[in-house]
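I opened the notebook to follow strands, helices and the chain contact in turn. The entries below are in the order I looked things up.

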Amino acid sequence: MLETALVSGLGSGSVYGLIALGFTLTFAVSGTVNFAQGSSMMLGAVVCHALAVGWRWPYAAAVPVALVACALWGAVVERLAVRPFVRRGSDAWLMATVALGIVLDNAVMALFGKEPRSLPSSLADEPIVWGEVGVFPLQLLIPAVLLAVALGLHWALRRTGLGLRLRAAVENADAARLMGIDVVRLVALTFAAAAALAGLGGILVAPLFNVAYDMGTLFGVKAFAVAILGGLTRPWGVVAAGLAYGLVEAGTTVWLGSGATQIITFSAVILALAAAPAGVFGRGRVRV
Amino acid sequence: MIKLLLGVAAAALCLILPGYWAYVAGTVAATVIVGAGLNVLLGLAGEVSLGHAGFLALGAYGVALLELRAGLPFGVALVLATAGAAAVGAALSVPALRVSGPYLAMVTIAFGFIVDNAAVEWASLTGGASGLSGVPAPMGTRGMAALSCGLAGAVLAAWAWFARSPAGLAMQAVAQAPAAARSIGIGALPVRTLAFVLAAAAGGLAGGLMVGLTGFVAPSSFPFSTSILLLLVVVVGGAGKVWGPVLGAVAVAALPEALSGLAEYRLLVFGALLLAVLWVAPGGIAGGLEAAWRRVRRGRALVVAPSGGLVPVRGGGLDVRGLAVSFGGVAAVAGVDLVAPPGRITSVIGPNGAGKTTLLNLISGFQPSDAGEVVVHGGTLARTFQTAQPFAGLSVLNTVRLGLLRGRWRGAAPASEAAGLLAAVGYAGPLEALGGTLPHGDRRRLELARALATRPAVLLLDEPAAGLDAPDTRRLGEVLRRVAAAGVAVVLVEHDMDLVMGVSDSVVVLDAGRVIARGAPEVVRADPAVRAAYLGSGAKPPSARRMAPGAALLEVAGVRAGYGGLGVLQGVSLAVRGGETAAVLGANGAGKTTLMKALAGLIRPSAGSVRLAGVELSGRPAHAVARAGLVLVPEGRQVFPRLTVAENMRLGATTRRDFLPGPEIEAMLVRFPKLRPLLTRPAGLLSGGEQQMLAVARGLLARPRVLLLDEPSLGLAPAVAEALLEQLAALAAEGMTLVIVDQLADGVLAIAAHGIVLGGGEVVRAGPADGLRAGLEAAYLGGEVACSTV
């Protein structure tokens, strides 16, 4: 029982981690985030469902197209809900991204319907059974994907020209501009990448749950909690925080029931922020 | 008053309306109440809460449980539930005080989810997902609606009163300019806690009224989207405006009625509406109406008879002993002694980077010191800021009244006294003008009046004349003399040497964090050590290099630029031919760095042209200017501290396709051999001189057509600065086109063929290098007015 819960906790924790990595990317370069990352996650799952189930595309085609759609969406969010406000020196981007997320959620509801739908996957049909523990292959794939993404990000930031430019922009945006780096475009790029990462999380988790227009809200909120606990600018801190969050959540559910889980985990988030305002796994921006 | 009357009228109307409409009116009124509370948090304190529905739920469940389980009457239950919500708000403000922005948003979201889930889970108490029904409301729907309307009127009246009360003004001051608020004694902590408590109490009250209206509460009554809707109410209506929540609540309540066929898409419309308001009308509906109203009403000025003005102070003074602080191993202030006697103006001068502003921050406690002590005799200390920090949304009069209150929430702050101070500093504009709309000179005067309002014994001024024209500067000098004559110990940090030499009783000269001279103005001006600190050693003869023939490669004509409303450059022109080195000289604050930023595209010139080989670059973003071949090595080097030296160099060549990392980096290591063993070190660990070499190497790897260097010798030890200048001379000899800004004029003039001298944002001299040296001392240290030979 506990083992099964822990495996599923590792799975949802990995999805939090994927979405939260997106938060760290945009926050590091621009000091802003897409507060509606949950909607990006939902978009990935919904587009994938529409292509794979509706139009019967093979997953090999549906998944990349869904990810591209998410990336485009992320760039749109940056252009419409972040850039205009940052230019004005206003922090209304926080509310504006929330608003744009509401628009997307409800537009999807109008097009896709209110009813949750299932996304079939051969990876979530037959559990692998070890003794008394049954695990879907997908549940093992999700943490593997998170680790692969985190490693890939780590490598790309250190070993590619784009990664170097990104790190330069993080350290000193004005000096980066003096090097001829188009920081505005880099920021848009990170928003696109963040949305694609969230979309990937949505696609991976969809066969285990369901696809619905409002599936992203709670995931997005928890992923943001994870990002903050992980330190917002530290990718590995965020990965660790995501997995820890998923495991704690699964453990609490087993011992105390599913309802208590959210009370306890969210209380833990508040207490953690009160005790360590910069996040548990890192340092962030703290009010002076 | 009008709010109360309106509330009573609406209440009376509720009693005669048909039941459904009374219910709608009651719901709108409850929304107005919670909106007014959120308007304290968002509109006055500037904080976003994304979990405010949690307070509604607390109030609603509180009333329902106290009535059903404890058998209390509705009125008592409502009061207790409101108090309970306020207490929870106070508890929640503890984490909220320590974090802001996205972190605070997370805290409030988490709070909302906790309340929501607790309502479901604690089924034995709350009835679980099906909630509690049959909550008695003693006065029926109409009575409850009337009560809600009456209370909404009262809450609005209270909001309007609070926004103008000392605590409300302090709250806005903290939100708009935290450092300035702190400088006049306003503590951020109590102010922010109060904002949370008030917002929570209003939420609790509204929740209690809602349960009275419906007789029913369940977790589904207050979903996550309610919190977003509440934000919408405040933002659409107009954050920080008393009528904002009313307009917002009516819009939010009326829209579903108007869109009844589109009920499904309610949230879609709300989301789009919120976005549209944020884009086009950040002030909301009320903000737009108010702006229109101000235009109509213009001309009716607030008239207050001034009284008081400058009040004599006795026995004050400042004693600073051995003050020191270092940043990352570099001593910014290294054991400074300073005595500022009462009734005297003591000026602190020194070249860029000498540690003047750091010294002010240490004295005023804005920065903790490593060693030394600061003693203020006979009263308190006040300060102004290098960049004026007005409370943008507060009137001039209220800003000064806040100063008079010195952070207290009660007590007298007579308008006449505030007006008297404003008159004393020479402010002649309208008293009701908002701080954010003032022209630059008035911002400076307001800042001075705000500081004086705290009745300080010691007044610290950080470049009060920056950006002022000559007549304004003269008037400022007169005001400062009057302030000193009233017995205040004035400490003046200033670049305008005519002002400093004209008004000071004594002058202290800092260089590299140490006092290198002190005494009467004329003594200091004649001191050779001071001249060397400002102009360089004077050992090298100016360059006899001839100007190159031919057309200009870089052509700067009539460039004007500045920051916000502050114009710094007043039309600067400069032409540099290929292979030439040009010097840009001038005293601190003359506009040299602003010119470099304008050329590099970091700030956008408001007029004039910047042409590189005939191509217009003015108005292009910085990265495009760099790609075109005009590359700036910025002031303070600005290497990427956590990237390695090699990575920093590679970034220099970002835009080049023909970059050959191996041989080109090797060539830089030949040029700057000191960098060779440091190649894999993070650049932040390098010494100042090494960082400057790296910054030059990084700039060179871009293969610039013209390389701009801003203060390359700033903060370097003399020997290091000399070595660097030799490197630059070598570059010039190789035919590189250079524009060098440096305060140490002698070193640069030894390289440059020609140059310009800036003063007050204009070119005051231009010509061959050997002709520029004469007259520079006057430009740097005051005295005879530098005459224009342009």
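**Entry 1: a strand pair in chain B.** I started with strand β3 (residues 317-327) of chain B, which pairs with β6(B) in the antiparallel sense over 6 bridges. I took strands as DSSP runs of E, at least two residues, and helices as runs of H or I, at least four residues, numbered from the N terminus. Two strands pair if DSSP finds at least two bridges between them. In this pair B:V320 stands opposite B:V374 in β6(B).

I noted the ground rules here. This is a predicted model, in which local features need pLDDT of at least 70 and side-chain atom pairs count only at pLDDT 80 or more, while totals for chains, interfaces and linings use all residues. Residues are numbered from 1 along each chain as its sequence is written, and chains are lettered from A and ligands numbered from 1 in the order in which they are written.

**Entry 2: the sheet around that pair.** I then looked up the whole sheet. It is open, has 3 strands in the order β4-β3-β6 (chain B), and its pairing is antiparallel. The edge strands are β4 (330-340) and β6 (371-377) of chain B, and each pairs on one side only. From one strand to the next the twist averages 15°.

**Entry 3: an enclosed strand.** Next I checked β8 (residues 458-462) of chain B. All 5 of its 5 residues are buried, so the strand is largely enclosed by the rest of the structure. Buried means 20 or more other C-beta atoms within 10 Å of the residue's own; exposed means 12 or fewer, partly exposed in between, with C-beta atoms placed from the backbone. In a regular strand the side chains alternate between the two faces of the sheet. Here B:V458, B:L460 and B:D462 point one way from β8(B), and B:L459 and B:L461 point the other way.

I also listed the partners of β8(B). Strand β7 (residues 381-383) of chain B pairs with β8(B) in the parallel sense over 3 bridges. There B:R383 stands opposite B:L460. Strand β9 (residues 489-493) of chain B pairs with β8(B) in the parallel sense over 5 bridges. There B:D462 stands opposite B:V493.

**Entry 4: chain B as a whole.** I counted 31 helices and 21 strands in chain B. Its C-alpha atoms fill a box of roughly 95 × 70 × 50 Å along the principal axes. Of its 790 residues, 55% count as buried.

**Entry 5: the contact with chain A.** How many residues of chain B are in contact with chain A? I found 57, in contact with 49 residues of chain A. Contact means C-beta atoms, placed from the backbone, within 7 Å. The largest share of chain B's side, 15 residues, comes from α5(B). By class that side has 42 nonpolar, 9 polar and 6 charged residues. Nonpolar covers Ala, Val, Leu, Ile, Met, Phe, Trp, Tyr, Cys and Pro; charged covers Asp, Glu, Lys and Arg; the others, Gly among them, are polar.

**Entry 6: two helices in chain A.** Last, I looked up α10 (residues 235-256) and α11 (residues 258-275) of chain A. They pack at an angle of about 135°, with axes 7 Å apart. That makes α10(A) oblique to α11(A). The residues that meet include A:Y245 and A:V248 in α10(A) and A:A260 and A:I264 in α11(A).

Key
Axes fitted to C-alpha atoms, helices over the stretch in contact; angles between N-to-C directions. Contact = placed C-beta atoms within 7 Å. Parallel < 35°, antiparallel > 145°, perpendicular 65-115°, else oblique.
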